[in-house]
Amino acid sequence: MASKDKERLWQMVEGHYLGSDAASLQESVARHMEYSQAKTRYTARATDWYNSLAKAVRDRVMERWNDTQQAYYRHDAKRVYYLSMEYLLGRTIHNALINLGLYDACKQALAGLGHDLDDLIDVEPDAGLGNGGLGRLAACFLDSMATLQLPATGYGIRYDYGIFEQAISDGFQHEKPDDWLRDGYPWEILRPEYAYEVQFRGWVEQWTDERGELQSAWRDTEKVIAVPYDVPVPGYRNETVNTLRLWSARAAHSFDLREFNMGEYIAAVEDKVLSENITKVLYPKDDIPPGRELRLKQEYFFVSATVQDILRRYKVTHDSFSQFPDKVAIQLNDTHPAIAIAELMRVFVDLEGLSWDEAWDLCQRSFGYTNHTVMPEALEKWPVALMHNLLPRHMQIIYEINRRFLDVLEREHGADERLLRRMSIIEEHPVKSVRMSHLAIVGSHSVNGVAALHTEIIKKKIFSDFHALWPERFNSKTNGITQRRWLKLCNPELSELIGAEIGDEWATDLSALKGLEPLAKDAAFRKKWAAVKREKKAQLARYAAGSNKVELDLDSIFDCQIKRIHEYKRQLLNVLHIATLYNRLKADPRQQIVSRSFLFGGKAAPGYYMAKLIIKLINSVAEVVNADPDVAGRIQVAFLSNYSVSLAQKMFPGSDLSEQISTAGYEASGTGNMKFALNGALTIGTLDGANIEIREEVGEENIFIFGLRADEVTAERERGYAPRHYYETDPALRQVIDQIASGHFCPAQPDLFRPIVDSLLIGGDHYMLLRDYASYVECQERVAETFRKPASWQRMSILNTARVGKFSSDRTISEYADEIWAAEPVAPLEKKDRG
């Protein structure tokens, strides 16, 4: 082919985007059915139709993806690298259709082919690469970074099996493997050309070179190959498509033919199996030594590959590392990726030949650390023995970082032995361990909390010594959610109503919802608002009828608590209230109450016995309450199993009341509270996490607050909290506790729930349920009285939606970009600029 003809061909391909109209999409789907799926319209299954649709949409994403990445290189833009062990993505296709503006055209195209778009969307399994809020936050952040056109790449692990699939049998949680890749994942692109070698174990050789400098080499290591799979992240209607790069483990030597030919069939593939275990499952059980080692392997595996990839990309346009912090911002999403600090130092010093001081300066100026927990026991630590065995060179580097840090503390700040011991990266007792949070703080230029209260707690309590040393490093970045998924996608009816009244600017500027405030006084608008809520409740009720065989009353309060099951989140307090209402009705079946539908969702960690027992209690209470003719549907309880992003997209829009009832001072932020409020649910909650800021935004008259404040929790504990006092002086509480203890809700196993009761009355009630019980019950009565006044409830609902503009992840990411990363947006190339 002549040069001129080749250029004309490339201009034809690169110079124009594929059509976004229904006819063009219909043709693309049909072609992918023929050429990608190798099926005809007569032999195609639903999965084939989904894959053909996904690839047709992906084609349009690809064009923008290539242009975006080319623009980043041309502008030599500062890149943001977001490192997270979790990404709870949900379904990709629906989000892509919304952000590309293709939903309506695709619906029309599929209808012309005899298929319903929404049915095909449901074919895609959730990408369960996360457990809860941490992973969902990361997914929201990726969406916002693309929408704000920031040159950003997310890095994580491509787990073969995601967060487990939860099944409820006889009221108990049972875990099944989440084989989310069983039918393939059409959104990922394998990039074998960017695979990297990752090392473990071995030993460290050290010597002094001719300049008198200490040199180190990591020898005789076990090697694993990290293979990247890229997932596109489209921004909202702006032609930008960023990348989520997920690493999968492959054996460096996958097959030993000699052993196979000798009949040693298992030994022949042993290396392959052991290597690929690294990315087999999200959160291996870590209460046994092999599980702990595998977890650390996962963290280093993804960090090592990521650091190599960051340096490769930087070297494309730079010959020295002098500009590294001006071109690279690395954000650690909690402590899981904190080993990246030691890894970058290893590469700089051992492989690139930089001096320690130069490498450390570059390192500190490049890293930022986000803390996500206020519970000291949840701050990650690794035994020194394990770290030394698995990563011997990194252990040396961590010791050296710590030595230099403690020297500065002692020499320049006069630190005494106690302060040095508290701030040391190495914890000496009870098990000599590496405090990963301390490593993250020492090795970063920024340390942020994720809500105002959370940040104050880490400054004044958890990391008070570090804050006293480096107050300028600490800052607050209140979490946020993407309104594209959590309103526009999951609640199209409400989005349409809002758009008809104030336009669609809120999709990229959530503060525009303020325009709804005057409409809260408009009776006609309130009626429309209530009609949308009722329709979303009806959709949720149909789901509950199918999954739980329970018929929910649409006139009842849909009272929802959906989050990870944990004692501090206090699902148990919710159960105590349900049992209290039940007892009141049993005592007087004729009394008039506001009907309630209590809906729960969430997973308990497989090894968390108490959380799993609470799930069983919820289901046991549901079985008793739902079957009792004295209650007659006025109270209904359902635990909706296998909570996921897709299930959340049904529950948030269909809820009236949002339960955010954690013990004050324990929830770092929470984002479920934001999703509920955005969809018009009212919050009942403690002054914990982002609840405080939600109250500030929506107004204290539009939220139901109860219970102790964080400082009061501390004071109560210091005075000597006595939970039995509340049990003995509150007859309603005592009745409920006695019922749980005696097996009233599980007569076949009357002692089953004794550990729950013991944790409250004997174990000290650490999360102060009994202390907050009376306040919670009284607050729930205020909820019921307000719900009896539909106009007031609807007004409050509208104002909650109107006033949550602050809680967009776009605002959060803008703050990160301006105040931590110093990153600027970059628009994709115009088509005429390609080449």
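**View 1. Strands E16 and E17 side by side.** In this predicted model, strand E17 (residues 433-435) is joined to E16 by two bridges, and the two run antiparallel. Look for glutamate 427, whose bridge partner in E17 is serine 433. Both strands belong to an open sheet of three, ordered E15-E17-E16, with antiparallel pairing. Strand E15 (381-383) and strand E16 (426-427) are the edge strands, each pairing on one side only.

**View 2. The surroundings of methionine 387.** Setting aside neighbours within four places in sequence, methionine 387 is in contact with Leu296, Ile339, Trp382, Pro392, Met395, Ile398, Val434 and Met436. Met387 is also among the residues with the most contacts inside the largest nonpolar core, which has 196 residues. Helix H11 (residues 289-315) gives the most to this core, contributing 11 residues. Another core, of 76 residues, lies apart from it and includes Ile578, Val594, Phe639 and Tyr666.

**View 3. Strand E11 and its partners.** Strand E11 (residues 222-234) is largely enclosed by the rest of the structure, because 10 of its 13 residues are buried. Strand E7 (residues 189-190) pairs with E11 in the antiparallel sense over two bridges, and here isoleucine 189 stands opposite aspartate 230. Strand E8 (residues 196-200) is joined to E11 by five bridges, also antiparallel; valine 198 has valine 224 as its bridge partner in E11.

**View 4. The hairpin of E11 and E12.** Here 11 bridges join E11 to strand E12 (residues 241-251), and the strands run antiparallel. Find proline 228 and you can follow it to its bridge partner in E12, tryptophan 247. Six residues lie between the two strands of this hairpin, and arginine 237 in the turn has a positive phi of about 50°.

Note on methods
Residues are numbered from 1 along each chain as its sequence is written. This is a predicted model: local features need pLDDT of at least 70, side-chain atom pairs count only at pLDDT 80 or more; totals for chains, interfaces and linings use all residues. Side-chain values use heavy atoms; hydrogens and water are left out. A nonpolar core is a set of buried Ala, Val, Leu, Ile, Met, Phe, Trp, Tyr and Cys residues joined through side-chain atoms within 4.5 Å. Buried means under 20% relative accessible area, exposed over 50%, partly exposed in between (1.4 Å probe, protein chains only). Helices (H or I, at least four residues) and strands (E, at least two) are DSSP runs, numbered from the N terminus. Contact means heavy atoms within 4.5 Å. Two strands pair if DSSP finds at least two bridges between them.
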